Amino acid sequence: RRRIAGPDPLTPDARDGDDAPRPAWRSRMLAFRPTADPAPSPGERAPWLARLDARDRAMLVALAAAPRTPAERRLWRGVTHLGGSRATILLCLLPLLAGAGAPGGASWRVGVATATIVVLSHLLVQLVKRTVGRPRPSAATGIAAQVLAPDRFSFPSGHAAAAMSVALGYAVGAPALLPVLALAALVVGLSRAVLGVHYLGDVLAGQLLAVVAALLLRLAGLA
């Protein structure tokens, strides 16, 4: 038979270059070379995260449709302001002023505990907000907010964290009232979703951060 001219597949020259023929053993090795999985695109979400977001949006639509009359909207606005900065500062100052004549007394301890939990939870909320960067529902769903939002970040809710922080601080002086205080804080948090400025998940996360702040301070012996 006539031999076709060309380089020997087993010579070093045949292994150089993309167009040169490869020996059979090398082809088998290349076939079993591990390949890396394609990296997910930056905007792609994990399936569980997408399901949580969809559920959050569905609950927001249902809650935002709850206040149908102007009186109901005014009521929810009044409730939500209890978690605002003015109300929170006032609620921190009241026990401090009441116990100013007896530092170290029960009222003074409540004021110090409340203020400390509020400050730490606020720092945690701001850290998470600027790390996650979740937009407000009005920007993502088109649902109009019924009150002015303090910033453009949605997760977690600062109002919900502040309300729960005050409830936990006041419970230092009256532990038996913790269920009532926590329920009031939950209603304040719920108002944020009803008024369309937060998803329900934002509210729960904010209140959880308040609990974390209180536990950290408790472990440190500061509250």
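This is a predicted model: local features need pLDDT of at least 70, side-chain atom pairs count only at pLDDT 80 or more; totals for chains, interfaces and linings use all residues.
Residues are numbered from 1 along each chain as its sequence is written, and side-chain values use heavy atoms, with hydrogens and water left out. The chain has 9 helices and 0 strands, where helices (H or I, at least four residues) and strands (E, at least two) are DSSP runs numbered from the N terminus.

**The chain as a whole**

- Read from the N terminus, the order of elements is α-α-α-α-α-α-α-α-α.
- Of the 223 residues in the chain, 31% are buried; buried means under 20% relative accessible area, exposed means over 50%, and partly exposed is in between (1.4 Å probe, protein chains only).
- The accessible surface comes to about 14,000 Å², and carbon and sulfur atoms hold 66% of that surface; these areas come from the Shrake-Rupley method with a 1.4 Å probe, and for residues only the protein chains shown count as cover.
- Among contacts with a separation of 6 or more, 68% are between residues 24 or more positions apart; contact means heavy atoms within 4.5 Å.

**Helix 7**

- Now for that opening rule: at 1.5 Å a residue, the 13 residues of helix 7 should span 18 Å, and the end C-alpha atoms are 18 Å apart, which agrees.
- Helix 7 is mostly covered, with 11 of its 13 residues buried.
- Those buried residues include His-159, Met-164, Ser-165, Val-166, Leu-168 and Gly-169.
- The partners against which the buried residues of helix 7 pack are helix 3 (70-80), helix 4, helix 5, helix 8 and helix 9.
- On the helix 4 side, Thr-88 lies in helix 4 (residues 85-98) and is buried, with a relative accessible area of 6%.
- Leaving aside neighbours within four places in sequence, Thr-88 is in contact with Leu-82, Gly-83, Val-118, Ala-162 and Val-166.

**The nonpolar core**

- The largest nonpolar core has 12 residues, namely Val-79, Ile-117, Ala-163, Met-164, Ala-167, Leu-168, Ala-185, Val-188, Ala-210, Ala-213, Ala-214 and Leu-217.
- Helix 7, helix 8 (178-194) and helix 9 each give this core at least two residues.
- As for the term, a nonpolar core is a set of buried Ala, Val, Leu, Ile, Met, Phe, Trp, Tyr and Cys residues joined through side-chain atoms within 4.5 Å.
- Core member Ala-210 sits in helix 9 and counts as buried because its relative accessibility is 0%.
- Beyond four places in sequence, the contacts of Ala-210 are Ile-117, Ser-121, Ala-161, Met-164, Ser-165 and Leu-168.
- Ala-210 and Leu-124 are 86 residues apart along the chain, and their C-alpha atoms are separated by 8.6 Å.
- Ala-213 touches Ile-117, Leu-120, Ser-121 and Leu-124, again not counting residues up to four places away in sequence.

**Salt bridges**

- Side chains of opposite charge can pair when their charged atoms come close.
- The whole structure holds 4 salt bridges, each defined as a side-chain nitrogen of Lys or Arg within 4 Å of a carboxyl oxygen of Asp or Glu.
- Arg-134 pairs with Asp-56 in a salt bridge, with the closest N and O atoms 3.2 Å apart.
- This pair links distant parts of the chain, 78 residues apart: Arg-134 is in the loop between helix 5 (106-132) and helix 6 (137-140), and Asp-56 is in helix 2 (residues 47-64).
- Both ends are covered: Arg-134 is buried at a relative accessible area of 15%, and Asp-56 is buried at 8%.
- Asp-202 also forms a salt bridge with Arg-134, its closest N and O atoms being 2.9 Å apart.
- Here the partners are 68 residues apart, with Asp-202 in helix 9 and Arg-134 in the loop between helix 5 and helix 6.
- Through shared partners, Asp-56, Arg-134 and Asp-202 are joined into one network of salt bridges.
- Elsewhere, Lys-129 and Asp-151 form a salt bridge (3.1 Å, N to O).
- That pair joins helix 5, where Lys-129 is, to the loop between helix 6 and helix 7 (158-170), where Asp-151 is, 22 residues apart.
- Lys-129 counts as buried, at 3% relative accessibility.

Key
The expected span of a helix is 1.5 Å times one less than its number of residues.
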